[in-house]
Amino acid sequence: MDCNGYHQENHDQNLFPKPKVLVLEPPPVFKYHEDKLSQKFHFLKAWDSPLPLDQFLTTHAHSVQAILSHGTCPVTNSTIRLLPSLGLIVTTSSGLNQIDLQECRRRGVSVAYAGSLFSADVADIAVGLLIDALRKISAGNRYVTQGLWANNGDFSLGSKLGGRKVGIVGLGSIGLEVGKRLEPFGCNILYSSRNKKSSVSYPYYSNVCELAANCEVLIICCELNDQTRHMINKEVLLALGKKGLIINVGRGAIIDEQEMVRCLMQGEIAGAGLDVFENEPHVPSELIALDNVVLSPHRAVHTEETLMALVELVIGNLEAFFSNKPLLSPVILDE
């Protein structure tokens, strides 16, 4: 860029300063697309400041109108109350358990989220984990790479997917995508959700324990909230039974992780495929040692294509807010 162009750019930035957006912790999308986002907005990076968080927030209290958050970054009522000019929280996740929605509702702070943007990718991972667990793909890979095939002979048999009774917990956009993928395999889909869905013919169970007792695979697709925390407990796992598999692409704390580990160690359930954990990034060592468990580091939503779409959605929501236009993916904050 020549000098005239440089001065023109600075002049434009002085006349039209970029809107300020608070970021408490770096969202994963920053790792790949921070430059693109920073072309539009001036990010106040709390994690980069030597100041304690409350001091940092107090310093910028009247200039912060928007927050960019992500799925594991809490936006608490104490944070919201320190920001009197706050009007919007944009989260890069579909889950909302990390945001104090009650305080947002009280304050009139709008919330925008990823909506169903990730649903197809998460459903892909759910089915991938299920096939891996049934056909022992990851375990077979270790068997080959560790030289056991040559020394010990044939690997153990896997199980087929076709004809399985698969229970989906949470038939929202992700759960529906999972069902859509499993039907062509010949799976029989059952589900549990807050309400019965008139748009599907799958058998409905209002009780998760009854669902588990009537299926061979349980796939967790619901959101984490006070009602679903540790919903998958000892009773549900025992109902799933010794031949049952559990797949979790929701949130780690929906399952009582300690109880699941115990059931796996004692053979009370047959195996698991897990993309999420209760205390990420820490995973129980017992799970790591088990050959009938497939683990993924909470990457269900992370594909190049979807991250680029997410950047556009974040920019679109922030631009809409600062232009007093309707948000692209608002959260409806019911009373």
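Where is the place of Pro281? Pro281 sits in the loop between strand E10 (271-274) and helix H13 (285-289). A cis peptide bond joins Glu280 to Pro281, with omega at about 5 degrees.

This is a predicted model, in which local features need pLDDT of at least 70 and side-chain atom pairs count only at pLDDT 80 or more, while totals for chains, interfaces and linings use all residues. Residues are numbered from 1 along each chain as its sequence is written, and side-chain values use heavy atoms, with hydrogens and water left out.

Helices (H or I, at least four residues) and strands (E, at least two) are DSSP runs, numbered from the N terminus. Two strands pair if DSSP finds at least two bridges between them.

**The five-strand sheet**

An open sheet of 5 strands has the order E2-E1-E3-E4-E5, with parallel pairing. E2 and strand E5 (110-112) are its edge strands, and each pairs on one side only. The twist averages 25 degrees from one strand to the next. Axes here are lines fitted to C-alpha atoms, for helices over the stretch in contact, and angles run from 0 to 180 degrees between N-to-C directions.

Strand E1 (residues 20-23) pairs with strand E2 (residues 42-45) in the parallel sense, over 4 bridges. Lys20 has His42 in E2 as its bridge partner. E1 also pairs with strand E3 (residues 66-69), again in the parallel sense, over 3 bridges. There, Leu22 stands opposite Ile67 in E3.

E1, helix H2 (residues 28-38) and E2 make a right-handed β-α-β unit. Right-handed means that, with the strands pointing away from the viewer, the path from the first strand over the helix to the second runs clockwise.

H2 lies across E1, E2 and E3 and runs at about 135 degrees to E2. H14 lies across E1, E3, strand E4 (88-91) and E5, at about 175 degrees to E4.

**The six-strand sheet**

A further open sheet has 6 strands in the order E7-E6-E8-E9-E10-E11, and its pairing is parallel. Strand E7 (188-192) and strand E11 (293-295) stand at the edges with a single partner strand each, so one side of each has no neighbour in the sheet. Neighbouring strands are turned by 15 degrees against each other on average, direction ignored.

Strand E6 (residues 165-169) and strand E8 (residues 217-220) run parallel and are joined by 4 bridges. Ile168 has Ile219 in E8 as its bridge partner. H6 packs on this sheet, touching E8, strand E9 (245-248), E10 and E11. The direction of H6 makes about 150 degrees with that of E9.

**Helix against helix**

| Helix pair | Axes | Angle |
|---|---|---|
| H2 and H14 (residues 304-322) | within 10 Å | roughly 50 degrees |
| H6 and H9 (residues 173-182) | 8 Å apart | about 50 degrees |

H2 and H14 are therefore oblique to each other. Angles under 35 degrees count as roughly parallel, over 145 as roughly antiparallel, 65 to 115 as roughly perpendicular and the rest as oblique. The crossing of H2 and H14 is right-handed. A crossing is left-handed if the near helix is turned anticlockwise from the far one by less than a right angle, and right-handed if clockwise.

On the H2 side, the contact (heavy atoms within 4.5 Å) is made by Val29, Tyr32, His33, Lys36 and Leu37. H14 contributes Leu307, Met308, Leu310, Val311, Glu312, Val314 and Ile315. By class, this contact has 9 nonpolar, 1 polar and 2 charged residues. Ala, Val, Leu, Ile, Met, Phe, Trp, Tyr, Cys and Pro count as nonpolar, Asp, Glu, Lys and Arg as charged, and the others, Gly among them, as polar.

H6 and H9 are likewise oblique to each other. H6 passes H9 in a right-handed crossing. Ser119, Ala120, Val122, Ala123, Asp124, Ala126, Val127 and Leu130 are the H6 residues in this contact. They meet Ser173, Ile174, Glu177, Val178, Arg181 and Leu182 in H9. The contact of H6 with H9 has 9 nonpolar, 2 polar and 3 charged residues.

Lys136 lies in the loop between helix H6 (119-135) and helix H7 (137-145). Lys136 has a positive phi of about 60 degrees, although it is not a glycine.
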